Amino acid sequence: MPLPLLWLGGAAIGAVLLADEREKRHQLELKRRQGIAPNTFKEGEHLPLAPSVWQAGHKKVQPQPGSIICCFVYGLIEHTGIWLDEHTLIELHGSGLVRAVSTKRFLAGRTGSKIFVACSHDHQVLVEPAMLEKAQQAIYTYREYDLFDNNCHRFVWSCLSGKEESLSSFNDLNQRLAGYFNQSLYWDEADLDI
C-alpha cells in the first residue's frame, strides 16, 4: 500500500476521534448548564472536563484570590499556579524561584493565551483563602526544582494542604484537588483581557 494512502487513513481516523472527543465535551458542557453534570469525586477517576488548548469552553469564569489556575506548556504539559489578584498570580518557576507574575508573564513562552481555573460542576471557582496566604509567604523563596518531584504542582498542593508530597503529573494534582474539595474537578477558561 502506498505511503500517502496510509497517511490519509491515519488523518481520517484522527479526524473521527477528534470529532468524537468534541461531541463528548459538548454533551458534558450541556449537562453542566442543565445542572446534571457529575459532581461527586470518585477515587482514581479521571477529570470530567480537563483544560483544552483546542476546544473552547461554553462559559468563562473570573479567577478569585486563592483560586488554582493552569496553562499549557507547548500543548504537552500543564503549568499551575495560584491566583493573587487582578492579572497577578504566584508560581513556582523552573528556576526554583517562587514569584508573583502578571498573566502575560505567566503565559510568556508557553502555548497560546488561555489560563484555566479549577471549578466545580456548576462553574463555581474553587477557592481556599488560607492557600493564598501560604503562597504569598513563599514569594521570593527558592525550592530545589525538579520537573517530576518538586514542581509547580507540588508547590500548589503544599500551599493548599500544608503537605510536601511528590506530584509527578497534572493528573496527580487533579486527583488530590478533587479529594480535597470532595467533588469532581473541572477546568474552565478564565475570562481575562490579556
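The lining of the largest pocket comprises 8 nonpolar, 7 polar and 2 charged residues, where Ala, Val, Leu, Ile, Met, Phe, Trp, Tyr, Cys and Pro count as nonpolar, Asp, Glu, Lys and Arg as charged, and the others, Gly among them, as polar. The model is predicted, and local features require pLDDT of at least 70, side-chain atom pairs pLDDT 80 or more, whereas totals for chains, interfaces and linings use all residues. Residues are numbered from 1 along each chain as its sequence is written, and side-chain values use heavy atoms, with hydrogens and water left out.

The volume of the largest pocket is about 250 Å³. Of its 17 lining residues, Ile77, Glu78, Tyr145, Leu147 and Cys152 are the closest to the centre. Pockets were located on a 1 Å grid over the protein atoms alone, as open sets of points where a 1.4 Å probe fits, with protein on both sides within 12 Å along at least five of seven lines; lining residues have an atom within 4 Å of a point. At least two lining residues come from each of strand S2 (77-85) and helix H4 (152-161), and S2 gives the most, with 3 residues.

The protein chain contains 5 helices and 6 strands, assigned as DSSP runs (H or I, at least four residues; E, at least two). Their order along the sequence is α-β-β-β-β-α-β-α-α-α-β. Of the 194 residues, 43% are buried, that is, under 20% relative accessible area with a 1.4 Å probe, protein chains only. Among contacts (heavy atoms within 4.5 Å) between residues at least 6 apart in sequence, 64% join residues at least 24 apart.

Definitions and conventions. Buried < 20%, exposed > 50% of the residue type's maximum accessible area, 1.4 Å probe, protein only. Points joined across faces, edges and corners; volume = space filled by probe spheres on them.
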